Amino acid sequence: MNILELKDVSCRYAIGTPFEMTALSGVSVSFEKGKTTGIIGHTGSGKSTLVQMLNGLLKPESGKVLLYGADIWENPKELPKVRYRVGLVMQYPEYQLFDETVRADIGYAPRNMGLSPEEIEQRVKEAAAFVGLPEDLLDKPPLELSGGQKRRAAIAGIIAMRPEVLVLDEPAAGLDPRGKAEIFEGLNAYKKAHGATVILVSHSMEDMAKYCENVILMRHTQVIKQGSVRDIFSEPDLLEESGLAIPAAYRLALALRRRGINLQGELYTTQGVRRAILAYQEGRGKV
Amino acid sequence: MKEFIRAEHLSFSYESIEDAPPALYDITLSIKKGEYVAVLGHNGSGKSTFAKLLNMILIPTSGKLYVDGMELTCPDFTEEQLFALRRKIGMVFQNPDNQLVAGVVEEDVAFGLENLGVPYAEMHKRVKEALSLVGMTEYALHAPSRLSGGQKQRVAIAGVLAMLPSCMILDEATAMLDPQGRIEVLETVEKLHREQGLTLLHITHYMDEAARAGRIVVIHDGRVWADGTPSEVFARRDELRAIGLDVPGETEIVEDLRKDGFSLPAGCIGTEVCADEIAKALGTL
């Protein structure tokens with residue numbers, strides 16, 4: 001079932017000025033409920049515009065944004081509710097931390113939702129636990145946190161709304177490998193606990209291969225391909241033509257192919273290629 | 001080759017944070033002129049702190065630090081020396097939008113030179129050269145805000161190059177870029193390193209980027225944890241994982257296959273080298 005859908009959405013910036021620029025042209029995509037969908041594409045391909053359409057931060061010039069089949073722009077007064085249900089974590093969300101303590105910052109949206117103090121406290125604790133933020137940091141001013149901790153606090157601020165759809169624009173940019181893994185594992189845990197749908201933008205094909213079920217490939221304001229991770233990564237030429245890097249594991253598989261070693265199976269993660277090499281060796285042993 | 005940077009028992013603590021362990025502790029290392037060094041470390045390891053000590057954005061708490069023969073930790077280090085130091089070492093930071101100040105690309109590149117009072121004709125020449133070195137000549141009259149991330153970082157690099165530095169520090173300068181932008185920036189600075197002997201310090205979280213350098217220094221909990229060629233450092237995969245780092249994808253596959261009993265050398269770097277070694281191992285089986 002599709003929880004969110006974009007139907008033939010187009011959007012331009014700075015309309016009527018010399019800087020007029022098309023950001024999305026006729027984009028139709030759907031997001032499956034309970035799945036993690038990745039959005040990839042070169043800089044300027046329209047990824048960030050697309051995610052800002054999902055919770056009504058941007059209005060399509062034409063086309064529709066549907067949440068459970070209902071046009072979110074039909075009744076603009078209800079948009080705040082849409083934004084509680086579709087939580088958007090923007091790029092470098094730590095720049096948006098503003099409150100006196102981490103606790104107050106994470107609790108900001110739940111307060112605006114009019115929840116009781118007990119409920120807010122519970123949600124703050126739960127959200128902090130999902131992103132791996134230790135409880136003793138909750139009473140600190142956000143500015144005293146390290147970069148990685150600030151990022152977690154900012155993501156927790158959205159998780160605290162318990163959105164049905166969690167949208168994240170490059171949540172792991174600038175983090176070290178462990179920090180990255182912890183963020184993604186936290187998102188997975190939230191998804192499992194609340195049956196949420198996750199949508200994330202990333203430049204890292206490795207992360208996409210590891211954490212997503214579906215992928216949307218964008219190029220020059222359009223959606224070029226939408227499908228499972230396997231569908232997308234089985235077309236490395238399409239990725240390269242779109243200005244993206246193919247995963248390191250797949251690059252190695254291609255280099256082996258040039259050396260006459262044809263690996264079979266899933267070749268876009270390191271473990272997949274390892275298994276394929278082991279299988280190749282076994283197959284030759286039998287011959 | 002001549003030594004460019006020398007740190008002796010260098011330590012630094014942030015005073016603002018009570019009881020915090022030192023950000024850097026007892027760092028001793030030497031970097032030669034013209035070297036290409038990648039600095040790896042997890043968030044908060046102290047790697048950016050080290051960079052900031054090098055051009056005196058931060059002042060060491062103890063120990064000695066030399067850059068190109070000048071002792072930065074000397075108590076009577078003068079303001080003139082500080083200006084000379086900052087001309088020697090240029091820094092490019094993570095977020096291009098925080099580094100570009102002017103409304104036109106060539107004016108942005110000229111910003112540092114204007115502050116130095118460089119004569120107009122000389123300034124014109126240096127800006128032109130710098131833009132040409134980063135391949136942005138045709139964008140000289142564009143607005144920086146309308147460039148891609150990779151192009152913005154190249155303009156920031158041009159602004160540093162116009163100061164004629166002998167060393168450039170990229171402090172996660174590729175972190176916000178897409179794969180193509182990252183390659184653009186790296187190829188630009190690597191060309192300057194090869195052709196002009198620019199000393200390059202590349203602080204990064206990307207293992208595949210670090211593998212391109214001649215040497216990798218890993219900083220962990222404020223100390224030098226490893227210092228060697230990419231092959232030597234990445235051969236320690238399990239230990240790297242334990243401190244929150246990793247190895248490039250192709251190296252990981254080779255390391256896994258070694259555990260599976262394949263006879264492969266430790267610390268294979270680069271797709272082609274790894275493919276050659278795996279092909280060899282499969283051929284001999």
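Student: In E8(B), which residue is the bridge partner of Leu170(B)?

Tutor: Leu170(B) is bridged to His202(B) in E8(B). The model is a predicted one, in which local features need pLDDT of at least 70, side-chain atom pairs count only at pLDDT 80 or more, and totals for chains, interfaces and linings use all residues. Residues are numbered from 1 along each chain as its sequence is written, while chains are lettered from A and ligands numbered from 1 in the order in which they are written.

Student: What stands opposite His202(B) in E8(B) besides that?

Tutor: Ala38(B) stands opposite His202(B).

Student: How many bridges join E7(B) to E8(B)?

Tutor: Strand E7 (residues 167–171) of chain B is joined to E8(B) by 5 bridges, and the two run parallel. Strand E3 (residues 36–40) of chain B also pairs with E8(B) in the parallel sense, over 5 bridges. Two strands pair if DSSP finds at least two bridges between them. Strands (E, at least two residues) and helices (H or I, at least four) are DSSP runs, numbered from the N terminus.

Student: Is E8(B) covered or exposed, then?

Tutor: Strand E8 (residues 199–204) of chain B is mostly covered, with 6 of its 6 residues buried. A residue is buried if 20 or more other C-beta atoms lie within 10 Å of its own, exposed if 12 or fewer, and partly exposed in between, with C-beta atoms placed from the backbone.

Student: Which residues of E8(B) point which way?

Tutor: Thr199(B), Leu201(B) and Ile203(B) point one way, and Leu200(B), His202(B) and Thr204(B) point the other way. In a regular strand the side chains alternate between the two faces of the sheet.

Student: Changing topic: why is helix H1 of chain B described as largely enclosed?

Tutor: Helix H1 (residues 47–54) of chain B has 7 of its 8 residues buried, so it is largely enclosed by the rest of the structure. The buried ones are Lys47(B), Ser48(B), Thr49(B), Phe50(B), Ala51(B), Leu53(B) and Leu54(B). Just after H1(B), Met56(B) takes a positive phi of about 60 degrees.

Student: What about chain B as a whole: how many helices and strands?

Tutor: Chain B has 11 helices and 10 strands. Of its 285 residues, 47% count as buried. The C-alpha atoms of chain B fill a box of roughly 70 × 45 × 35 Å along the principal axes.

Student: Where does chain A touch chain B, and how many residues take part?

Tutor: The contact takes 34 residues from chain A and 34 residues from chain B. Two residues are in contact if their C-beta atoms, placed from the backbone, lie within 7 Å. On the side of chain A, the elements that give two or more residues are helix H6 (147–159), helix H7 (177–194), helix H11 (248–258) and helix H12 (270–286). The largest share, 7 residues, comes from H12(A).

Student: How is chain A divided?

Tutor: Chain A is divided into domain 1 (2–246) and domain 2 (247–287), with bounds that come from an automatic or database domain assignment. The C-alpha centres of these domains of chain A lie 34 Å apart. The contact between them takes 8 residues from domain 1 and 8 residues from domain 2. On the side of domain 1 that touches domain 2, H8(A) gives the largest share, 4 residues.
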